[in-house]
Amino acid sequence: MKIFHFILLIVGVFALSSSAIFVKVIHEPVEVTAFYRMFISFLIVALFLFRKNYRIEMRIISKKSKIVMIVSGVILALHYLLWFESLNYTSVASSTVIVTLQPIFAVIIGYYFFKERYNIGAVSGIVIAIIGCILIGYNDLKLSGIALYGDLLALIAALIITIYFYMGQSVRGHTSLIVYSLFSYGSSAFTLLIINLLRHNNIVSFTSETWLSFIGLAFFATIMGQSLFNYLIKWINTTVISMSILGEVVGTIILSSIFLGEGVTLVQFIGICIILSGQALYILANNYLKRKM
């Protein structure tokens, strides 16, 4: 993999890590938060329509690709709804740890549906990194029914975002990032708007802090995070993307320490080292190349 792609991958992970920081200060229904995350992101991407080549591409792209991108947007909306909702029932650490266990689903889907094969080193790296995530969230894992319900929502959200990346992988090879994002983010925002209207949620009157948090969530977590992954999925397979997202746990802890004054415990530090070790092993074993099977 090119060093440029590797740098973008790191930037994307840390940008995505800001998601939990912004969500923590937004005290609105999860449907509202998810809607503005996707709607503002859509508006930012829509600015590129001033370029004629993107308008032409939107017209000539196949109907099948349009359907895939629109459905992927609906799936992305469902992912955010489930993940944000899980934060109401379980701890932030538990939810973040569980929702980043995407490599498990990515390996299963890649193996059975896309005939991808993984060597011992790559699988070992995934297992080690997951152990690091579990170690970080272990003290926050609860056994109450309510917490387990939240954990289950986060687990389903992890499966759903993995499907989203595989759908993106199927169309990004012949579709630009801008056009893919327009269809995906647009359908996601529209889906969430309908849900908010059906639930009669307030989607207009908010405090200045909330508006700034909406904008920050969209720009950093989605444009600088999610969109970078959508860009890289053209060259890097979904398993590698999912593996890198395990670093979101590390990024969230670091950003929480910087912006929220939450110190890093010894257990968290050990967990971070384990995650990074697992990712390093995976990098060496897989060489971060998109494999053609």
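Reader: In which kind of crossing, left-handed or right-handed, does α9 pass α10?

Author: This is a predicted model, in which local features need pLDDT of at least 70, side-chain atom pairs count only at pLDDT 80 or more, and totals for chains, interfaces and linings use all residues. Residues are numbered from 1 along each chain as its sequence is written, and side-chain values use heavy atoms, with hydrogens and water left out. A crossing is right-handed if the near helix is turned clockwise from the far one by less than a right angle, and left-handed if anticlockwise; α9 passes α10 in a right-handed crossing. The contact (heavy atoms within 4.5 Å) involves L177, Y180, S181 and Y185 of α9, together with T222, Q226, S227, N230 and Y231 of α10.

Reader: At what angle do helix α9 and helix α10 pack, and how far apart are their axes?

Author: Two packed helices are described by the angle between their axes and the distance between the axes. Here α9 (residues 177–198) and α10 (residues 208–232) pack at about 115°, with axes 10 Å apart.

Reader: Is T175 buried or exposed?

Author: Buried means under 20% relative accessible area, and exposed over 50%, with partly exposed in between (1.4 Å probe, protein chains only). T175 has 2% relative accessibility and therefore counts as buried. T175 is found in the loop between α8 (145–172) and α9, where a polar atom of its side chain lies 2.9 Å from the backbone oxygen of V171. Leaving aside residues up to four places away in sequence, T175 touches E57, I61, M69 and Y180.

Definitions and conventions
Axes are lines fitted to C-alpha atoms, for helices over the stretch in contact, and angles run from 0 to 180 degrees between N-to-C directions. Helices (H or I, at least four residues) and strands (E, at least two) are DSSP runs, numbered from the N terminus. A polar contact is a pair of N or O atoms within 3.5 Å; within protein, one must be able to donate a hydrogen and the other to accept it, and residues adjacent in sequence count only if both atoms are side-chain atoms.
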